[in-house]
Each structure stands twice: as C-alpha cells, then as structure tokens.
Amino acid sequence: MERTDLPQPASERVDAARNRQRLLATAREMLTEFGPDRITMDALAERSGLGKGTVFRRFKTRAGIFQALLDDSEYAFQERVLSGPPPLGPGAPPLERLIAYGRARVRFLIDHHDIARSALDGRQPAPAGGQTPLSRMHIRMLLGQMDLGPADRDLLAVQLTAALDGPLLLYVSSTDLGQAEQDAERRLADGWQDMVRRVCRP
C-alpha cells in the first residue's frame, strides 16, 4: 500500500492548526482525568483557555469533540500500518500482516471504546463502527498477495473488514468491559487469527 492511500488532513491556517492541537491535547487530558462524561464544549473552552466560539466552530457539537479524538487516533494507527515496523507494518509475509492488523485493530477498538460511544451522540453505531475504506483497501491488498485459488478477494475483503470494523464493542457496557477487558481482547484477537488462518489456507 502506497503512502498516498492515507487520507491527508485538510490544510488549515497555522493558528487554526495550533488551536486544534491544543484542544485535542486538552480533551485527552480531561478524558484521562475525568472520563468522557465531564467533557463538554464549555468545559473544554475553559480548560484550554480558548474562546467558546473557537471550540464550537471547531467541533460543532459535543459529539464532534470525540469524533475529532477518534479521527486523530485513527490517523496515527494508519501511519503504523503504512510505515511502522513489521508485522503490522511492511516487511512481513501477507498472512502475518493480516493477522497482526486484526489484532491491532481489536486493541484500537477496545482502547477507544468510550470515545467511540461518546462520538455517536445517540445515533446508531454504523457511522463510527462502519467499514473504513483504508481497512478494506489494506485487507484487499494483503489478500491479493496470497495464494487463495479462485476466491473472490473483493467480497472476502468486505467480509473480513466487517468482522473488524463493525460495532463489536459499542453495545457492551463500560462496566462489563472493565471487568473483562483483557479477556475480551484476547478472545476477539484469537478469534480473528483463527478465522484468517482458516479462510486464507492455501
């Protein structure tokens, strides 16, 4: 996968970019200290020292704060996939990369569970949990490097992407997830590995 496949952030003025980074950093601090429930537009403006108008123009709604946090983390994750060390990044056999991608994606979903739920703001999970084009492209590229015989690689890529990017965790309560987070990650990651090995058997 070429680096041009990675969506590039829209260009913005230097001061706007600086404010965006300041707001995101402040939101992450608040998330660590208080959890998502205490993050509001007014609280973010006060904590960051920026005007309420700046916060509202940047995020539009409270859910927009969490969507921006999710997008920022997604971009960093994509960078690891495109140029990080193997097996997640380039340099490993395609089957190993596909397994590593799924395991890393499960970790990403668990790490960002609360942010993703808050980004929905009462909507159905599909917008935040739907298939991402980069996931599908990356999985399709790796499938194309394997000897799968007459398999329909395009359809298989869609199905495998759905197994990762669907709302696997968004209906799980935070209490249940907290009690079994490590077990949930292990079972999801091991399940992905088992499925991929079976599907991609030569």
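Figure 1. The axes of helix 5 and helix 9 cross at roughly 30° and come within 9 Å. Angles under 35 degrees count as roughly parallel, and helix 5 and helix 9 are therefore roughly parallel to each other. Helix 5 contributes L98, Y101, G102, R105, V106 and L109 to the contact, while helix 9 contributes L160, L164 and D165. Sorted by class, the residues of this contact are six nonpolar, one polar and two charged.

**Figure 2. The largest nonpolar core of the predicted model.** This core has 23 residues. Those with the most contacts inside the core are L98, Y101, I139, L143, L160, W192 and C200. Two or more residues are given to the core by each of helix 4, helix 5 (94-111), helix 8 (133-144), helix 9 (153-165) and helix 10 (174-199). Helix 5 supplies the largest share, seven residues.

**Figure 3. The surroundings of W192.** Leaving aside residues up to four places away in sequence, W192 touches L98, I99, G102, R103, I139, L160, A163 and L164. A second, separate core has 19 residues, among them A27, M30, L44 and A119.

**Figure 4. The buried face of helix 2.** Helix 2 spans residues 41-48, and its residues M41, L44, A45 and S48 are buried. Seen down the axis of helix 2, these buried residues fall within an arc of 100°, so they line one face of the helix. The buried residues of helix 2 pack against helix 1 (14-34), helix 3 (52-59) and helix 4 (62-83). Helix 2 is followed by G49, which has a positive phi, near 80°.

**Figure 5. Packing of helix 1 against helix 3.** Two packed helices are described by the distance between their axes and the angle between them. For helix 1 and helix 3, the axes lie 11 Å apart and the packing angle is about 90°. Angles of 65 to 115 degrees count as roughly perpendicular, and helix 1 and helix 3 are therefore roughly perpendicular to each other. The contact is made by A16, N19, R20 and L23 on the side of helix 1, and by T54, V55, R58 and F59 on the side of helix 3. The residues of the contact of helix 1 with helix 3 comprise four nonpolar, two polar and two charged.

Technical notes:
Residues numbered from 1 in each chain as written. Predicted model: local features only at pLDDT ≥ 70, side-chain atom pairs only at ≥ 80, totals over all residues. Heavy atoms only, no water. Buried < 20%, exposed > 50% of the residue type's maximum accessible area, 1.4 Å probe, protein only. Helix = DSSP H or I, 4+ residues; strand = E, 2+ residues; numbered from the N terminus. Arc of directions from axis to C-beta. Contact = heavy atoms within 4.5 Å. Axes fitted to C-alpha atoms, helices over the stretch in contact; angles between N-to-C directions. Parallel < 35°, antiparallel > 145°, perpendicular 65-115°, else oblique. Nonpolar A, V, L, I, M, F, W, Y, C, P; charged D, E, K, R; others polar. Core = buried A, V, L, I, M, F, W, Y, C linked by side-chain atoms within 4.5 Å.
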